Amino acid sequence: MIPELGQYSLILAMIMAAFLAVIPMVGASKGSLFLMSFAKPLAKSLFLFMLISIFCLAYAFATDDFSVKYVAGNSNSALPVYYKLSAVWGGHEGSLLLWVFILSGWIFAVAIKSDGLPTDIMARVLAVLGMVGVGFISFTLITSSPFERLLVNTPLEGADLNPLLQDIGLIIHPPLLYMGYVGFSVAFAFAIAALLSGKLDVAWSRWTRPWTNLAWAFLTIGITLGSWWAYYELGWGGWWFWDPVENASFMPWLMGTALVHSLAVTEKRGLFKSWTLLLAIFTFSLSLLGTFLVRSGVLTSVHSFAADPERGLFILVLLAITVGGSLLLYAIKAYDVKSESNFELLSRETLILINNVVLVIICSMVLIGTLYPLIIDALGGGKMSVGPPYFNLLFVPFSLLLAFFMGIGILLRWKKSSPRKLLKQLLPSFFLAIAVGISAAYLFNQELAFKATLALVLAFWVVFSLILDAFSKVSNKADKLVGLSKLSPSYWAMQIAHLGVVVTMVGVALVATYSEERDIRMVPGDIVTLAEYSFEFQGAEKISGPNYSADMGTIEVLKNNQFFATMHPEKRFYPARGSMMTEADINAGLFADVFVALGEPLADGAWAVRLQYKPFMRWVWFGGVLMMFAGMLTVFDRRYKIRKSALPVTA
Amino acid sequence: MSMRRVLLFIPLVICIVLGFLFVKGLSLNPTELPSAKIGKPFPAFSLATIRNANEVLTEASLTGAVRLVNVWATWCPTCKQEHSFLNKLAQTEGVEIIGINYKDQRSKASQWLKRYRDPYIFNLYDEQGSLGLDLGVYGAPETYIVDAQAIIRYRHVGEVNARVWVDIKAKMQALGWSPKKS
């Protein structure tokens, strides 16, 4: 009964979305306040029905209702209850339901936070979101309903959740990632509303910015968590694989980062308007593209869902309508959206333009690299794909270039900056950054590696600019500390976000350059040394967990001949699916991670063991956390508190 | 038309080109792995069968007819899904299917064949996965078309179902196989 209620609510949600897509839109074009007034109640009821629907699915999981096909395929009665609940999004159907549920959540948030918006804008934004809702709810209902029953041959036991997904990282990673993906639909809806109404003013940017920043913050933390999960759960110590699915989340992030910057220019200076609209459309399109690539099976990946060409075709049609339709609208209407001022070469605008161009180039390269196998196959060139060397070769120099310009852009003023003043600030920090960066790199490792050293120099370069800028903000204040504390949340968000980029950059540069690893056969008593750590293998024993059995190794680690840690990597066997999982043991530290994993058992009590030393590993993710925090912080800026508009909407 | 108007259409054009690429991409199947073994004789083996631990068969047992070789295991959920379709093929179409029970336990496999019926003419017990390794098995289930000279003609990764069967049937008929008249 409960699963049917879930399905029924989903159908009702679909109907609400369809009304939401049509009625307020017609109202906005006819200037009918009556029709537009339907937008909010419809948005709220859409959310309510989605809430009921996903709750019903969660209930089916919690009560082990294996007559529901999706539950039978992704759960097991021996599964701990929190994994049963997170199994809701453990497969294609349920994760799609989560996607739509989060979309309805954003729609709900827009509906309750839009009191200050002009009624016609609010109606159009919600209607566009309703259209996206119609597309994806119908996709769920028609091709992938999670409520399908197995009434004959009801299995007594479920096939279990994929052991890879039985992990805290996977409980929270998909919802956060989807919050980001789907959150960009709000920026997209605002862009479409602006194109339809032909109005794009400062107020528009102020409404759009907090939503975009928030979505960006979620996507940032989603990607960060995904990387962290891959690091400790996939069991081989990598943290970024340039896998199609990772790229699918990274592309909207790159485009979204460009959008966040371009929106700042549009708000402050009334410039880059049509460019901002295009970025908003692209960012959301790339989010949808990610969904298509993951679920259609056109590319193979470690974590793609069961491939099904019919589903692929459906999403492709959705994608064609959304992206094609909005770009057509853009092509016709963006001509009327004109920027209203100008700027000089040496200004923050120019540097943000450079930032945007570089980000778009990086994004295009990731796109080409990701689609390369598809392009070659479609042209009849056989099966081929490009690996991490391609991505690293292109990504590294461009991101270093980005960091170089970041250091300049932070210090520049809007409209125009004085070259003399800039030089006075930048020259000392330039030489200081070189000196400090090289010394830091030398202190860390006497064999200077070019790329790592350059990254450190650029890191200091950006940090000095951030400090200089903060002080120039308060240079005319009597008490500098009071002045600093009075700076707006947006300003601090800017500082923290860029610091986050620097932290991640330092982490990536050092861990990529100075990591050490060994894959070796060890018998109990063997000792292996890596950097300043030595590892003694003391053997492995059998243990058993709630739904698995395992071999657990014991490795004692010494650092500079002092006791450092005893580590217990595991090799688990999950009988329900018959799959083996590697549970690495990681000793995490601020400046280095020590990583041990068990490979295969060999003869005579020996094991294949993987040992790794990864300096500054945590920095890669800590930077992501800082960026997320910054994105969230901007939402609290008083500037974005929408006041009740004094102007009534005229039809 | 001004230059700017034309420029504004560029994103749309790029998107349309990508769209065509994806339509094409959908009809291609990345899991259809080109196997280096296609056109080569079936790898040599010497394995016991599931029904009898003392009955040891070699690659010679494959010659004589166009058959399917199906790699399966009791730990593989998709194999269970596939099993009823294999039963149907064996019964209604008269397809001769040879099973390779891959990295499994004999007792579990026998139980499975009792419980869900046995579509195979015989099952090789590949406990260590050594034959699977020689074949280049990517994961269970996998199905191969092997001709009368024991040469591998085709490989399908994943479940065999009604949709896949249309294709496999055509390929088998091209090799001279014909379905049972019912």
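Reader: How many bridges join strand 3 of chain B to strand 4 of chain B?
Author: In this predicted model, strand 3 (residues 67-72) and strand 4 (residues 97-102) of chain B run parallel and are joined by five bridges.

Reader: Which residue in strand 4 of chain B is the bridge partner of Asn70(B)?
Author: Asn70(B) has Gly99(B) as its bridge partner.

Reader: What is the order of the strands in the open sheet of chain B?
Author: The order is 5-4-3-6-7, with five strands and mixed pairing. Strand 5 (120-126) and strand 7 (152-157) of chain B are the edge strands, each pairing on one side only. From one strand to the next, the twist averages 20 degrees.

Reader: Which strands does helix 6 of chain B touch?
Author: Helix 6 (residues 162-174) of chain B packs on the sheet and touches strand 6 (142-146) and strand 7 of chain B. The helix direction makes about 175 degrees with that of strand 7 of chain B.

Reader: Turning to chain A, which strands form a hairpin there?
Author: Strand 4 and strand 5 of chain A form a hairpin, with two residues between them. In the turn, Asn560(A) has a positive phi of about 50 degrees. Strand 4 (residues 549-559) and strand 5 (residues 562-567) of chain A run antiparallel, joined by five bridges. Ile555(A) stands opposite Met567(A).

Reader: What are the domains of chain A?
Author: The domain assignment gives domain 1 (412-514 + 623-628) and domain 2 (516-618) of chain A. Their centres, taken over C-alpha atoms, are separated by 38 Å.

Reader: How many residues of domain 1 of chain A are in contact with domain 2 of chain A?
Author: Five residues of domain 1 are in contact with four residues of domain 2 of chain A. By class, the domain 1 side has four nonpolar, one polar and no charged residues.

Reader: And the largest nonpolar core: how many residues has it?
Author: The largest nonpolar core has 200 residues. Among those with the most contacts inside it are Leu46(A), Phe190(A) and Val506(A). Helix 8 (residues 168-197) of chain A gives the most to this core, with 17 residues.

Reader: Why does this core lie between domain 1 and domain 2 of chain A?
Author: Both domains give residues to this core, so it lies between them.

Reader: Which residues is Val506(A) in contact with, leaving aside its neighbours within four places in sequence?
Author: Val506(A) is then in contact with Ala455(A), Leu456(A), Ala459(A), Phe616(A) and Trp619(A). A second, separate core of 35 residues includes Phe42(B), Val71(B), Ala73(B) and Ala140(B).

Note on methods. Residues numbered from 1 in each chain as written. Chains lettered and ligands numbered in written order. Predicted model: local features only at pLDDT ≥ 70, side-chain atom pairs only at ≥ 80, totals over all residues. Pairing = 2+ DSSP bridges. Helix = DSSP H or I, 4+ residues; strand = E, 2+ residues; numbered from the N terminus. Axes fitted to C-alpha atoms, helices over the stretch in contact; angles between N-to-C directions. Contact = placed C-beta atoms within 7 Å. Domains from an automatic or database assignment. Nonpolar A, V, L, I, M, F, W, Y, C, P; charged D, E, K, R; others polar. Core = buried A, V, L, I, M, F, W, Y, C linked by C-beta atoms within 7 Å. Buried ≥ 20, exposed ≤ 12 C-beta atoms within 10 Å, placed from the backbone.
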